[in-house]
Amino acid sequence: MITALIFFIHLLFSLIVFTKKWQSEGLSSGFTNLALIGILFAVGWSITGMFSKLIMEPEGFGVYFDRDTLSLSILSIVEFFFYKMYYKDTFFIEDDTEKQ
């Protein structure tokens, strides 16, 4: 269940980024960003999977939080901070007014 939620959040984020980049920069930029997100997800899941094998047994902490869920959770946290930095100009618009 947690794994499905993480996949859904990644799918939703990918669609939002694709749509925003498609509207602002063009269709090729949308597909390029979609490919970037997909590659980072696949490679990141492989890397965090290696680390989670060192930490936890395959059964994990229960039915809903196994080793794959741990690796996806770690990946989601790392991706959150990376995408917050990388897509800062896409999602956050700063005011050009000065504060007094």
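A polar contact here is a pair of N or O atoms within 3.5 Å; within protein, one atom must be able to donate a hydrogen and the other to accept it, and residues adjacent in sequence count only if both atoms are side-chain atoms. With that in hand, welcome to a tour of a predicted model, in which local features need pLDDT of at least 70, side-chain atom pairs count only at pLDDT 80 or more, and totals for chains, interfaces and linings use all residues. Residues are numbered from 1 along each chain as its sequence is written, and side-chain values use heavy atoms, with hydrogens and water left out.

## Two residues of helix α2

Let us start with Ser-52, whose side chain reaches the backbone oxygen of Gly-49 at 3.0 Å. Ser-52 sits in helix α2, which covers residues 27-55; helices (H or I, at least four residues) and strands (E, at least two) are DSSP runs, numbered from the N terminus. Is Ser-52 buried or exposed? Ser-52 counts as buried because its relative accessible area is 1%, where buried means under 20%, exposed over 50% and partly exposed in between, with a 1.4 Å probe and protein chains only. Setting aside residues up to four places away in sequence, Ser-52 touches Arg-67, Leu-70 and Ser-71; contact means heavy atoms within 4.5 Å.

Thr-48 also belongs to helix α2. The side chain of Thr-48 reaches the backbone oxygen of Trp-45 at 3.3 Å. With a relative accessible area of 9%, Thr-48 is buried. Not counting residues up to four places away in sequence, Thr-48 touches Ser-71, Ile-74 and Leu-75. The C-alpha atoms of Thr-48 and Leu-70 are 8.5 Å apart in space, while the two residues are 22 apart in sequence.

Ile-6 lies in helix α1 and is buried, at 9% relative accessible area. Beyond its neighbours within four places in sequence, Ile-6 is in contact with Thr-69, Leu-72, Ser-73 and Ser-76.

Lys-20 is in helix α1 too. Its relative accessible area of 35% makes Lys-20 partly exposed. Leaving aside neighbours within four places in sequence, Lys-20 is in contact with Thr-90 and Phe-91.

Phe-65 has its place in the loop between α2 and α3. At 25% relative accessibility, Phe-65 counts as partly exposed. Apart from neighbours within four places in sequence, Phe-65 is in contact with Ile-2, Glu-59, Gly-60, Leu-70 and Ser-73.

How do separations along the chain and in space line up? Here are some C-alpha to C-alpha pairs.

| Pair | Apart in sequence | Apart in space |
|---|---|---|
| Ile-6 and Gly-38 | 32 residues | 14 Å |
| Lys-20 and Gly-44 | 24 residues | 24 Å |

## The largest pocket

Rolling a probe the size of a water molecule over the atoms shows where empty space is left. The largest pocket holds about 350 Å³ of space. Of the 13 residues that line the largest pocket, the closest to its centre are Ile-9, Phe-13, Ser-76, Phe-80 and Tyr-83. A pocket is found on a 1 Å grid over the protein atoms alone: it is an open set of points where a 1.4 Å probe fits, with protein on both sides within 12 Å along at least five of seven lines, and lining residues have an atom within 4 Å of a point. Grid points are joined across faces, edges and corners, and the volume is the space filled by probe spheres set on the points.

Which helix gives the most to this lining? Helix α3 does, with 6 residues. Both α1 (2-25) and α3 (67-86) supply at least two residues each. By class, the lining has 8 nonpolar, 3 polar and 2 charged residues; Ala, Val, Leu, Ile, Met, Phe, Trp, Tyr, Cys and Pro count as nonpolar, Asp, Glu, Lys and Arg as charged, and the others, Gly among them, as polar.

## Aromatic rings

The whole structure contains 13 aromatic pairs. One of them joins Tyr-86 and Tyr-87 edge-to-face, 4.9 Å centre to centre with 85° between the planes. Rings of Phe, Tyr and Trp (its six-membered ring) pair if their centres lie within 6.5 Å; planes under 30 degrees apart count as stacked, over 60 as edge-to-face and the rest as tilted.

Tyr-86 is partly exposed, at 43% relative accessibility, whereas Tyr-87 is buried, at 1%. Tyr-86 and Tyr-87 form one aromatic cluster with Phe-13, Phe-82 and Tyr-83.
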